[in-house]
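The structure is shown first.

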Amino acid sequence: MKQRIGVYICHCGGNISDYVDVEELGKMFHQEENVVVSKDVMFACADSNQKDMVADIQANKLDAIVVCSCSPKLHLHTFKNVAARAGLNPSNYVQVNIREQCSWPHSDRPREATVKAAGLIRAGINRVSYSESLENIELTVKKSALVIGAGVSGMKAAIDLARSGNEVFLIEKDFFVGGRIAQKQTLFPTNQNGKEVVTFLYNEMKKFPNITIFTGATVEKVSGSLGNFSVDIKVKPRYIKPSADKRSVERAMGECPVTIHDDFNLGLVERKAIYKNYPEALPDVPVVDAEALKDAHDFTSKFASTLNLNEEAQTLSLIAGSVLVTTGYDHYQPKEGEYGYKTISNVVTLPELNRLMEMNPEKLVYKGKQIKSLAFIYCVGSRQTKGDNKYCSRQCCTSTIHTSLQLKEKYKDIQTYHLYRDIRTYGKQELMYAESSKQGDLYFKYEEKEMPVVSVDGKSTIVKVKDYLTAKKEMEIEADLVVLVTGMVAREDATTISELFKIPIGRDKFFNEIHPKLKPVETVIKGVYIGGTCQGPKNVSESVQSSLAGASKITALLKSGTVSVDPIIASVDANKCTWCGKCSDVCDFTAIKEVLFGEKHVAGVNKAVCTGCGICAPVCPENVIEIAQYTDNEIESMIDGFMMDFDIKEKGTGEVVEVEEEGKVGMKEYPLVWREILAGMTAEKNTIPEIVANTKLAGELVTFHLMTMNRYGVVVPAGMDAKETYYYYKRK
Amino acid sequence: MSRVNPKFATELSKYGSSDFNACFNCGNCTATCSLSTADSSFPREMIRYTTLGLEDDIKASLKPWECYYCGECSSECPRQAEPGELMMSLRRYLTAQYDWTGLSGLLYKSLPLSITAFILTFVGVIVFAFSVGFELEKMIHFGHLFEGIAIGTIGLVILMPNIARMWYFTILKPKTKVPFMKYLKSMGELFIHMFTQKRALGCDDNQFRWFEHFILVIGYLSLLFTTVALNWFGTSSLFVIVLGYVMSAIVFVVTIDFVSSRIKKDKAVSKHSQPSDIFFVVWLFFMGFTAFLVRLFIDLDLLEMNKWLYIFHLTVLVQWALIIVPFGKWTHFLYRSFAMYFAKLKEK
């Protein structure tokens with residue numbers, strides 16, 4: 001219990017004091033037990049006042065302080081720092097918000113605002129008197145990082161992490177590095193070849209002995225926490241003997257009789273069952289599709305010294321101090337029949353067109369027909385006001401326009417039509433849009449409610465669109481190829497990664513950062529960062545920016561070998577714990593595990609993992625879990641404080657105004673919920689479900705408040721119902 | 001349902017404008033235009049029709065004629081798509097479409113062809129002069145006769161059918177129902193615009209441009225009247241002689257300003273001058289100036305020198321009457337006023 005408490009009540013230059021009688025409150029709390037200093041100040045946050053507070057704390061040997069001003073979001077750290085400067089543990093500080101919660105919302109009722117402020121301050125004083133001095137938790141961390149996904153984001157981050165002296169494990173699900181950019185022949189705005197960028201980054205990584213790359217690898221199991229993640233990965237076999245020489249492998253590739261679906265070329269062509277994504281793909285070792293070759297006995301026996309179709313997958317364990325997830329995105333796959341996709345022969349997606357362009361260096365030919373005109377339909381799978389993908393995929397406008405410029409440059413005599421909803425070529429990309437329209441590309445604006453229709457008319461394909469730029473005239477466009485500009489969606493396996501690392505997923509199914517502006521690459525899991533398009537649609541430069549931000553965060557985190565984390569976490573009273581496992585079941589972060597305490601099995605909290613969310617505390621049947629700074633003592637004393645009676649004088653008159661009596665609780669006016677619950681108790685005695693039905697309040701809310709009302713003697717239990725399921729309650 | 005035709009843009013660029021593809025449909029041009037109204041808004045709509053190649057809509061539209069080219073839209077355009085010049089080019093295009101002979105289009109699109117036509121007419125005049133032994137009297141007599149016949153023939157054979165075609169494209173084909181009485185009641189509109197070009201006063205740029213143009217039209221029409229009906233070169237009436245001097249002087253003095261601004265390219269309207277625009281003002285200048293000198297030489301009795309001067313004048317006159325009037329820019333005098341008349345008919 002703190003016995004020398006200082007209370008500071010802020011005027012906020014009139015923001016508070018115009019409605020709340022802060023001077024009166026200052027005098028009033030001076031008489032409180034354990035309060036040594038209580039004063040009203042013009043601006044609590046002002047430098048001069050901060051100095052006065054430090055002086056007060058030291059002169060009066062204060063052991064706790066309460067500042068009653070604005071939201072803790074604004075000034076919690078300001079006053080925590082004041083406490084620290086005065087030599088007080090910052091946990092012995094409580095902020096009470098009497099501006100956003102009293103003066104501003106109740107400016108029409110100054111006296112009630114003052115009553116409420118008095119209650120809140122009293123609650124704050126009670127809470128701080130139970131506060132304990134807490135120290136940040138120091139954890140030892142391993143200077144190694146796991147980067148998941150070797151696309152452009154992952155590779156750039158790996159290089160940066162390695163350069164800063166971290167050990168880096170880069171794992172890639174595919175057998176070759178590069179991800180999506182390898183599928184783009186020209187990247188905007190530099191017109192670099194995606195494959196060349198991949199080769200450059202791969203060679204760059206090879207210069208660092210502290211980068212280990214695993215291809216064909218997936219994460220299987222994750223345990224541990226910040227500083228010491230233990231990750232099991234499974235590395236799939238390539239089925240090529242390590243002893244095989246390069247020439248025989250190449251011969252096997254050349255002679256392979258079986259062809260399979262070419263994932264890299266999005267199924268536009270087939271590839272051999274021994275393949276590389278593209279000739280220069282890295283690492284420079286082909287992969288064998290063992291399943292496809294299982295019946296080609298003649299071939300496999302001929303190359304028995306090269307191939308090993310019985311090779312097994314390996315499982316490896318890695319220890320990493322921190323994790324950067326750069327797993328990327330999937331292209332939206334149009335449903336069959338969406339704008340004629342798969343039902344009309346010359347409808348493709350933009351990624352497919354990009355593959356086609358690379359495969360056709362001279363003339364653009366699709367299914368044997370030369371393509372002279374293309375109609376692009378934008379926003380396919382994005383910005384669906386009624387569908388799943390409500391977001392804008394951000395890069396597709398520019399990507400399409402860039403493709404359009406490339407088409408003209410490469411194939412000269414070509415006409416493109418662009419059916420868009422809004423053109424979002426933000427930033428410098430706008431110049432490409434100007435260039436595109438200047439070269440004669442035609443733009444049509446459609447609305448989601450009147451989507452373009454693709455149809456076949458004899459030998460030609462017609463796109464019909466209601467053009468909002470031409471007074472909604474119906475236009476017919478004849479196009480040799482219809483290109484669906486598909487957006488980005490979260491990877492199919494994003495949920496697996498999310499479950500393994502406990503990264504929250506948004507409604508859009510992309511990974512969620514903590515805060516889009518202030519913590520853009522951090523996740524709620526300490527030590528796990530996200531970068532690139534696994535977080536949401538981004539173009540290449542934005543992806544790299546975010547993954548490099550993540551890499552810098554990790555470097556800074558691991559630099560000293562230890563990290564300091566917030567002490568607001570759960571703690572279990574091991575003496576009383578009986579290990580039922582309920583807390584562990586509800587924990588979203590797997591922070592609670594069964595541990596041995598002497599002879600006894602009890603719940604143990606992993607300090608590095610616990611976020612202090614508090615979900616475990618109420619489920620504990622023994623009530624032995626406490627959350628630091630939110631202990632039962634603190635919370636209950638706050639309620640007590642808030643419910644106490646006050647004589648609040650009307651400002652200026654000095655008179656004590658009698659407040660109408662209603663019930664017999666300390667607070668003169670019930671919280672609104674209490675009134676509603678009381679109104680809902682229509683019969684002489686009611687069970688909780690009856691009250692819930694009468695009030696339309698949530699069941700948990702009624703239960704919680706009824707317990708409190710019982711505690712303050714507003715209601716009392718009155719026996720059980722016939723089935724002995726629920727208690728009856730009645731007004732006291 | 002309209003079929004998009006991107007090839008139209010290439011066709012139209014032969015009439016001058018080529019930057020309209022840069023348009024991103026912001027509508028600043030329409031917003032800034034002082035003649036555009038809610039009921040009849042342009043030029044954005046015309047740019048859109050052009051980029052998409054909606055020929056039928058363009059042919060049915062009177063809007064190109066409703067623009068008097070102050071150039072504000074072009075200077076406000078954030079994409080430098082030159083909407084004002086597009087409207088100008090559409091007027092050339094429409095002139096070619098209205099012309100049943102198709103010669104307008106050929107001459108607009110090909111400078112060599114225009115020059116060939118000018119040379120041929122010049123050769124014709126020389127051959128004629130040779131045939132009458134370069135006798136001034138006979139030449140002037142023929143010249144006067146030619147003027148009368150040319151006006152009648154060109155008007156009847158070329159211009160009237162072309163106006164009819166314009167009516168067909170803009171009223172009949174789009175199925176606009178106009179009661180017969182409306183044709184009569186709105187007739188006033190036609191003459192007001194023909195003789196005053198009062199719509200140009202709505203342009204923000206300057207009233208001086210309108211005034212200059214107005215004076216020129218009056219001067220030109222009066223000169224035409226003086227030479228054709230009053231036989232200026234043959235008359236001895238002092239009033240007619242003085243009137244001719246004044247009118248021809250007005251024509252060549254005002255055209256000096258027009259020609260010089262076409263050369264200096266200092267105004268938006270003259271920045272993108274096509275050969276047809278240059279021919280029009282230069283030939284108008286020559287007409288006024290040579291007519292003035294021919295009459296002056298007659299009065300000063302400088303017959304030998306006047307012979308050659310008259311051949312020059314006759315060449316200009318013949319080229320004017322056979323090339324510029326029926327197939328060149330002269331027609332805008334008719335189409336603009338008829339467009340205002342037809343627009344009135346279309347009004348609900």
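How many residues does the contact take from chain B and from chain A? In this predicted model, chain B contributes 18 residues to the contact and chain A contributes 23 residues.

**Chain B against chain A**

The size of an interface is often expressed as the accessible area that is lost when the parts come together. Between chain B and chain A about 1800 Å² is buried, with carbon and sulfur atoms giving 54% of that area. Of the area that chain B buries against chain A, 34% is supplied by M1(B), R3(B) and R79(B), more than by any other three residues.

Five salt bridges are found across the interface of chain B and chain A. One of the salt bridges joins D57(B) to K473(A), with the closest N and O atoms 2.8 Å apart. Eleven residue pairs, both members at pLDDT 80 or more, are in polar contact between chain B and chain A. On the side of chain B that touches chain A, the elements giving two or more residues are β1 (2-3) and α3 (44-52) of chain B. The largest share, five residues, comes from α3(B). By class, this side of chain B holds nine nonpolar, four polar and five charged residues.

The two chains also meet through strand pairing: β1(B) pairs with strand β26 (residues 473-479) of chain A in the parallel sense, over two bridges. Within β1(B), R3(B) is the bridge partner of E476(A).

**The two domains of chain B**

The domain assignment divides chain B into domain 1 (7-98) and domain 2 (134-346). The C-alpha centres of these domains lie 26 Å apart. Their contact takes 26 residues from domain 1 of chain B and 31 residues from domain 2 of chain B.

About 2600 Å² is buried between the two domains, 59% of it on carbon and sulfur atoms. L62(B), Y68(B) and Y98(B) supply 31% of the area that domain 1 buries against domain 2, more than any other three residues.

Three salt bridges are counted between domain 1 and domain 2 of chain B. The side chains of D56(B) and K173(B) also form a salt bridge, at 3.8 Å from N to O. On the side of domain 1 that touches domain 2, α4 (55-60), α5 (63-66) and α7 (83-98) of chain B each supply at least two residues. The largest share, seven residues, comes from α7(B).

| Salt bridge | N to O distance |
|---|---|
| D57(B) and K473(A) | 2.8 Å |
| D56(B) and K173(B) | 3.8 Å |

Technical notes: Residues numbered from 1 in each chain as written. Chains lettered and ligands numbered in written order. Predicted model: local features only at pLDDT ≥ 70, side-chain atom pairs only at ≥ 80, totals over all residues. Heavy atoms only, no water. Contact = heavy atoms within 4.5 Å. Buried area = accessible area lost by both parts, 1.4 Å probe. Salt bridge = Lys/Arg side-chain N within 4 Å of Asp/Glu carboxyl O. Polar contact = N/O pair within 3.5 Å; in protein donor to acceptor, adjacent residues only side chain to side chain. Helix = DSSP H or I, 4+ residues; strand = E, 2+ residues; numbered from the N terminus. Nonpolar A, V, L, I, M, F, W, Y, C, P; charged D, E, K, R; others polar. Pairing = 2+ DSSP bridges. Domains from an automatic or database assignment.
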